[in-house]
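Reader: I am new to this structure, and I would like to understand the terms used for it. Could you take me through them with care?

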Amino acid sequence: MAPPHTQKLFEKRAEKNILRYVIIALPDFDRGYKQISKKTGVPVPTIQRIVKRYHPYGQIKDAPRSGRPTLLSQDNLEAIEQAVENNPRSFVNELTR
């Protein structure tokens with residue numbers, strides 16, 4: 001199980017994606033950007049950007065960010081989380097083995 005702070009991050013991302021799908025669907029029901037903004041609470045320029053990006057690319061996800069790639073895979077992170085849950089008083093040098 002993921003730590004509470006990462007679980008909240010995953011939930012926030014899921015809510016964000018659901019909201020983006022709603023924003024994409026509403027113009028098909030003859031809703032203007034201002035009406036969508038009032039309904040969702042998202043600023044009009046943000047709605048315009050989401051719709052504009054969706055139509056040519058069919059994508060709602062954020063663009064990949066630059067920066068250093070992660071050193072640990074998801075499997076390694078899960079193994080470390082499991083080890084910490086099993087023995088919360090373990091030292092870092094024990095976990096790295």
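Author: What follows is a set of questions about the terms applied to this predicted model, each answered from its values.

Reader: Why are α2 and α3 called roughly perpendicular?

Author: Helix α2, residues 33–40, packs against helix α3, residues 44–57, at an angle of about 110 degrees, and their axes are 9 Å apart. Angles from 65 to 115 degrees count as roughly perpendicular, and therefore α2 is described as roughly perpendicular to α3. The crossing of these two helices, α2 and α3, is right-handed.

Reader: Which residues make the contact of α2 with α3, and what are they by class?

Author: On the side of α2 the contact is made by Tyr33, Lys34, Ile36, Ser37 and Thr40, while α3 brings Val44, Ile47, Gln48 and Val51. Sorted by class, the contact of α2 with α3 has five nonpolar, three polar and one charged residues.

Reader: How do you know that Ile36 is buried?

Author: The term buried is kept for a relative accessible area under 20%, and Ile36, which has its place in helix α2, has a relative accessible area of 1%, so Ile36 is called buried. Leaving aside residues up to four places away in sequence, Ile36 touches Ile23, Leu26, Pro27, Arg31, Gly41 and Ile47. The C-alpha atoms of Ile36 and Val22 are separated by 9.0 Å, although these residues are 14 residues apart along the chain.

Reader: Which residues form the largest nonpolar core, and which helix gives the most to it?

Author: The largest nonpolar core has nine residues, namely Ile23, Ile24, Leu26, Ile36, Val42, Ile47, Ile50, Val51 and Ile60. Helix α1, which spans 4–25, and helix α3 each supply at least two residues of this core, and α3 gives the most, with three residues. Leu26, one of the core residues, touches Arg31, Ile36 and Lys39, again not counting residues up to four places away in sequence.

Reader: What does Thr40 touch, and where does Thr40 lie?

Author: Thr40 lies in helix α2 and, with residues up to four places away in sequence not counted, touches Leu19, Val22, Ile23 and Ile47. Thr40 and Arg20, which are 20 residues apart in sequence, are 9.8 Å apart in space when taken from C-alpha to C-alpha.

Reader: How many of the residues in the protein chain are buried, as a percentage, and what percentage of the contacts join residues at least 24 apart?

Author: Of the 97 residues in the protein chain, buried residues make up 12%. Among contacts between residues at least 6 apart in sequence, 42% join residues at least 24 apart.

Key
Residues numbered from 1 in each chain as written. Predicted model: local features only at pLDDT ≥ 70, side-chain atom pairs only at ≥ 80, totals over all residues. Heavy atoms only, no water. Axes fitted to C-alpha atoms, helices over the stretch in contact; angles between N-to-C directions. Helix = DSSP H or I, 4+ residues; strand = E, 2+ residues; numbered from the N terminus. Parallel < 35°, antiparallel > 145°, perpendicular 65-115°, else oblique. Left-handed = near helix turned anticlockwise from the far one by under 90°. Contact = heavy atoms within 4.5 Å. Nonpolar A, V, L, I, M, F, W, Y, C, P; charged D, E, K, R; others polar. Core = buried A, V, L, I, M, F, W, Y, C linked by side-chain atoms within 4.5 Å. Buried < 20%, exposed > 50% of the residue type's maximum accessible area, 1.4 Å probe, protein only.
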